[in-house]
Amino acid sequence: MSLTSRSPARPSRRLHAALLIAASAGLIAAGVPQPQPLGIGDPLFPHLGNPGYDVLTYDIAFTYRGDNTQPLDAFTRIDARATERLDRINLDFTHGTVRSVHVNGLRAEFASSGEDLVVLPVQPVAQGTPLSIAVSHTSDPSGPRDAGGWVRTSDGLAMANQADAAHRVFPGNDHPADKAYFTFRITAPKELTAVANGRRIARAVVGDRQTWLYRTAHPMATELAQVTIGRSAVVERAGTHGLPVRDVVPVADAERLEPWLAKTPGHLEWMERLVGRYPFETYGVLVADADTGFQLETQTLSLFERSLFADGDYPKWFVDSVMVHELAHQWFGNSVSPRTWSDLWLNEGHATWYEALYAEETAQLSLEQRMRNAYLASDGWRAAGGPPAAPKPPAPGAKTSLFRPVVYDGSALVLYALRQEIGKEAFERLERRWVTQYAHSTASTADFVRLASEVAGRDLTAFLRSWLYDAKTPRMPGHPDWRSKAPAKGAQPGSKR
């Protein structure tokens, strides 16, 4: 299902007339470009992202008036560099009204096409030159609960942009291949608290409103952006090496949740012992009073449902290991981001791996038994959702169905097989090398295979190709007796996140 704006921006008269003239003259290819969605050709989200420019920074301002059903006033400034000549500029954006667009200081014409905002600058932008795009718009939190973007909480808003919903909140190049630095300016009623990715730089109160300024110290993928506004307490403590840890929780729950929040420094220490120093300037847990059905690793501030901690429906070891899962993503998925969405297994497989290791170490839940169970189900998962590194596209109208069991335990199983093949010591060296060599950048499955081969001292291409791309699960090294159950006929992909 295509997501479209509730109030789509209409082509201006000048742009509309220019397109008609160009079309009648047969000059669309050589003259004024026809507005249409482009995309960078991601196999799973072909219209996501945009060619021709590299975003360097986002500076995004939101004004929230206290009603989470009404559009926020917003302004997004994008500083980029053109990587080719641009006669038009495509941005990913939907579910908001565009009021004006300026390119390099000059007012530009614009039109909506699908989920793209197509901008026609007064002058073409030359390859290699700076590009500044300023968009005045609204950001609408209404719409289906499972569409992503803004999440309405009991007292305000939070964000859940994975996999392709950041452009329901702000215009940009909405693909993890184009990471950038972010600045957020949030204005809200002064009795509310606003928190975003990165560190707080400033805060000012003017009359009955308060403005908060946050900035990231490292580049970030759009899908990892987080802004939360509500009646929240910010609980601060020190993590490893004096790392600032700030948790954001409903005021009424701060005391009740403290035993869980106090676990984060220990989780950080445990992860650093295995893969090296935490890669960002701060970390924290964001507890949202909302029914999302998932937890999410937004950069420096992981999003959790309140019910995970407060309802008492889950064993303590499970909650503990889920917290480690989202923390592990700060290395695997956030610092090292996927080059394409088919590389998602590198995010979720690793986070699941460390979740399982932590459960084994702290709750005596056998990693080997969990992997044996995964092996038993693996052929069914592959039949339903595709192999780990070549997942089937998400179901129409259900984009989060991409998050299937095969990218979680099915991909952790690949890492288990690799450790069985090259040994524990080499595997641990590989993990540290991976998060160091590709820190704060993007990496692909091919990059992982090359580095694994280098660390192991032998070519692992054939071994890993089978584990990552075959329809059937290969034999498990060291466990020739393991068998995978044949998939049931007509099996449908499950969804897990």
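Q: Is His-175 buried or exposed?
A: His-175 is buried, at a relative accessible area of 2%. The cut-offs: buried is under 20% relative accessible area, exposed is over 50%, and partly exposed is in between, with a 1.4 Å probe and protein chains only.

Q: What kind of model is this, and how are residues numbered?
A: This is a predicted model, where local features need pLDDT of at least 70 and side-chain atom pairs count only at pLDDT 80 or more, while totals for chains, interfaces and linings use all residues. Residues are numbered from 1 along each chain as its sequence is written, and side-chain values use heavy atoms, with hydrogens and water left out.

Q: Ok, back to His-175. Where is His-175, and what does His-175 touch?
A: His-175 is in the loop between β9 and β10 (181-189); helices (H or I, at least four residues) and strands (E, at least two) are DSSP runs, numbered from the N terminus. Leaving out residues up to four places away in sequence, His-175 touches Ile-40, Asp-42, Leu-48, Gly-49, Thr-222, Arg-339, Thr-340 and Trp-341. A contact here is heavy atoms within 4.5 Å.

Q: How far apart are His-175 and Ala-351?
A: C-alpha to C-alpha, His-175 and Ala-351 are 20 Å apart in space, and they are 176 residues apart in sequence.

Q: What about phi, then? What is the phi of Asn-104, and of His-440?
A: Asn-104 has a phi near 50°, which is positive in a residue other than glycine. Asn-104 sits in the loop between β4 (98-103) and β5 (106-113). His-440 is not a glycine either, and its phi is positive at about 60°. His-440 is in the loop between α9 and β20 (441-443).

Q: How accessible are Asn-104 and His-440?
A: Asn-104 is partly exposed, with a relative accessible area of 41%. His-440 also counts as partly exposed, at 24% relative accessibility.

Q: Switching to helices. How many residues of α8 are buried?
A: 12 of the 14 residues of α8 are buried, which makes α8 mostly covered. Among the buried ones are Leu-413, Tyr-416, Arg-419 and Ile-422.

Q: What covers them?
A: The cover includes α6 (344-363), α7 (367-385), α9 (424-437), α10 (445-456) and α11 (461-469).

Q: Which residues make the contact?
A: On α3, Thr-264, His-267, Leu-268, Trp-270 and Met-271 make the contact, and on α5, Asp-320, Met-323, Val-324, Leu-327 and Ala-328.

Q: Now the sheet. In what order do the 10 strands go?
A: The order is β3-β6-β5-β4-β7-β2-β1-β10-β13-β12, in an open sheet with mixed pairing. β3 (89-92) and β12 (199-206) are at the edges with a single partner strand each, so one side of each has no neighbour in the sheet. From one strand to the next, the twist averages 20°. Two strands pair if DSSP finds at least two bridges between them.

Q: How do β12 and β13 pair?
A: β12 and strand β13 (residues 209-215) are antiparallel, over 7 bridges. Val-206 has Arg-209 in β13 as its bridge partner.

Q: What about β8 and β9: how many residues lie between them in the hairpin?
A: The β8 and β9 hairpin has 2 residues between the strands. 5 bridges join β8 to strand β9 (residues 156-160), running antiparallel, and Gly-149 stands opposite Ala-160.

Definitions and conventions: Axes are lines fitted to C-alpha atoms, for helices over the stretch in contact, and angles run from 0 to 180 degrees between N-to-C directions.
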